[in-house]
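Welcome, and please open your viewer. We will go from stop to stop, selecting one thing at a time and looking at what is there.

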Amino acid sequence: MNACTIASRRRTVLAMLLLGLAAAVGAGCSRQPAFKLQSISGLLPALQFHLTDDNGRPVTAQDYRGDVVLLYFGYTHCPDVCPTTLAMLARAIKALGPAASQVRVLFVSVDPQRDSAALLKRYVGYFGPQFVGLRGNDRALKPLAKRYRISYHLDPPDQYGNYAVEHSSAVFIFDQKGRARLLADESGNAASISADLARLLQAD
Amino acid sequence: MLGLSRAFGASVASGISAFLPYLTPWDFSPTVVLVCAVTAILYIRGLAAVRQRGVHPGFWRPFSFLLGLALIYGVLQTYFDFLSQHMFWIHRLQHLVLHHLAPFLMVIALPGPILRAGIPRRWRGAEKALWHRAGIRQVMALLQNPLMAGFLFVGLIYFWLIPAIHFTAMLDADRYRLMNWSMAVDGVLFWWLMLTPRSAQGSAAVAYGPRVTVLVVTGFLQLFLGFYFVIQKTTLFTVYGVCGRAWAISPLVDQQIGGCITWIPPAMMSLLGVLVVIHHALHDQERSPVKSQSSSTAAAAAAR
């Protein structure tokens, strides 16, 4: 092999690398974002968990297949982020009209010590019939948090034993087959969430 | 006495068990464990082999190499990885180790001959043949082109810090692994090209002048990026808020500390790299006059 063919081969390798890069960039641009919310299709795994619902019954993700599921981590003593986010989701779901019955909001407590099933049931009841409170021990909760790459931890308690819990702000939205599709957080607005939920329901 | 030692033993045991959760992998990766273990075994075998031949690499070289390797393992396969996923500045620290500090420590120890000596005899031929394969040689020639190496080194930092790309890399486990691997592998390639003396780099060795240029330019490009993060008034990387930070800290403070880590230590390491290159250049010069002297005496002897 002489120097000339080596050089031309090297040029071919370089050209192929550049072409690949261009193709990757092009593919990224041509895919129009069909949804208003951030897409997480293919980024996070399908919905899966083993927890207890606010009636004290053991439930899994399978029990919610067929519904569009919104997964949110929080706690009932949460002073600001949780109630605002849940109220926003309630508005978005109400705007769906009759289709609202095919949506479930799973509110997973990151403070199961204080959030009993009864307390959870009363709390989520404020927001609507689509809201379900879920709880579980560390062995159930930790794998779920890891699966969706969220973190939570308890702040040290004050003199009265009250404590805050630091947690994620993400609302993970799954389609009726349980696939992770969209991501919302407290900075979103009810109208765009509602529009995207309607699109997910239509796609079925 | 017995009671005391028993109490001491118990406290040590409880101390270890208290730390154990922090030392176990957050996301266990067989690949990382295997690569680190194989590298460590090759190096230690190689050390024994060269010692038998009467070559003593001293204390600092093996220490530096194994420390770098341990750092890579540590930031990927302990609780540190969890913190890196949930705090921007710790993520920057993780990449500082993977892309700069650990490869620098490993490469500066000139581990090539020792690693090669550690390869079992029956695989040595295969190892040699591997480097002579046309495909491998072409890829290496492309990667070890100084312009390409500098472009890749800074380009990877910029690429993974494009906010939209960063968002998906922190959510998707596969992209996250790809990101960390790309940082570590490119770190080793880059610093090897920059810091290994020409005499140990073979025929494709890069001259010292271009190396200094690449180090200075890449240093400045990293400095700009870090500075840009520090002066931002809004959060660029929202994924840490969405997924929850490891502990309560203002998102902007997190970003500013992360910016400082992207800016100052890499710039200092580029400078350190330049000093190493200058050292090699001077060392080579010291050697070459001897060579020319001996050749001139040889010429004189021939003339006589």
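Before the first stop, a word on helix axes: an axis here is a line fitted to C-alpha atoms, for helices over the stretch in contact, and angles between N-to-C directions run from 0 to 180 degrees. Keep in mind throughout that this is a predicted model.

**Stop 1: two helices of chain B**

Select residues 60-76 of chain B, which form helix α3, and then residues 88-108 of chain B, which form helix α5. Their axes come within 7 Å and cross at roughly 160 degrees. Angles over 145 degrees count as roughly antiparallel, and α3(B) and α5(B) are therefore roughly antiparallel to each other. The crossing in which α3(B) passes α5(B) is left-handed.

Which residues make the contact between them? On α3(B), show B:S64, B:F65, B:L67, B:G68, B:L69, B:L71, B:I72 and B:V75. On α5(B), show B:Q94, B:V97, B:L98, B:L101, B:A102, B:P103, B:L105, B:M106 and B:I108. Colour these residues by type and you will find 14 nonpolar, three polar and no charged.

**Stop 2: a leucine with a positive phi**

Now move along to the loop between α5 and α6 (112-118) of chain B, and pick B:L110 there. Most residues other than glycine have a negative phi. B:L110 is not a glycine, yet its phi is positive, at about 45 degrees. Is B:L110 buried or partly exposed? It has 17 C-beta neighbours inside 10 Å, so B:L110 counts as partly exposed.

**Stop 3: an arginine in chain A**

Switch to chain A and select A:R149, in the loop between α4 (138-147) and β7 (152-154). Here is another residue other than glycine with a positive phi, near 55 degrees. A:R149 has 23 other C-beta atoms within 10 Å, so this arginine is buried.

**Stop 4: all of chain A**

How many helices and strands does chain A have? There are five helices and 10 strands. Of the 204 residues of chain A, 33% count as buried. Take the contacts in chain A between residues at least 6 apart in sequence: 70% of them join residues at least 24 apart.

**Stop 5: where the chains meet**

Bring both chains into view. In this model, 19 residues of chain A are in contact with 15 residues of chain B. On the chain A side, α1 (3-30), β7 and β8 (165-167) each supply at least two residues. α1(A) gives the most to that side, with four residues. By type, the residues of the side of chain A that touches chain B divide into nine nonpolar, five polar and five charged.

**Stop 6**

Select B:I165 in helix α10 (residues 163-171) of chain B. With 15 C-beta neighbours inside 10 Å, B:I165 counts as partly exposed. Leaving aside residues up to four places away in sequence, B:I165 touches B:F159 and B:W160.

Finish at B:R6, in helix α1 (residues 2-23) of chain B. This arginine, B:R6, has 10 other C-beta atoms within 10 Å, so it is exposed. The C-alpha atoms of B:R6 and B:A37, 31 residues apart along the chain, are separated by 34 Å.

Conventions:
Residues numbered from 1 in each chain as written. Chains lettered and ligands numbered in written order. Predicted model: local features only at pLDDT ≥ 70, side-chain atom pairs only at ≥ 80, totals over all residues. Parallel < 35°, antiparallel > 145°, perpendicular 65-115°, else oblique. Left-handed = near helix turned anticlockwise from the far one by under 90°. Contact = placed C-beta atoms within 7 Å. Nonpolar A, V, L, I, M, F, W, Y, C, P; charged D, E, K, R; others polar. Buried ≥ 20, exposed ≤ 12 C-beta atoms within 10 Å, placed from the backbone.
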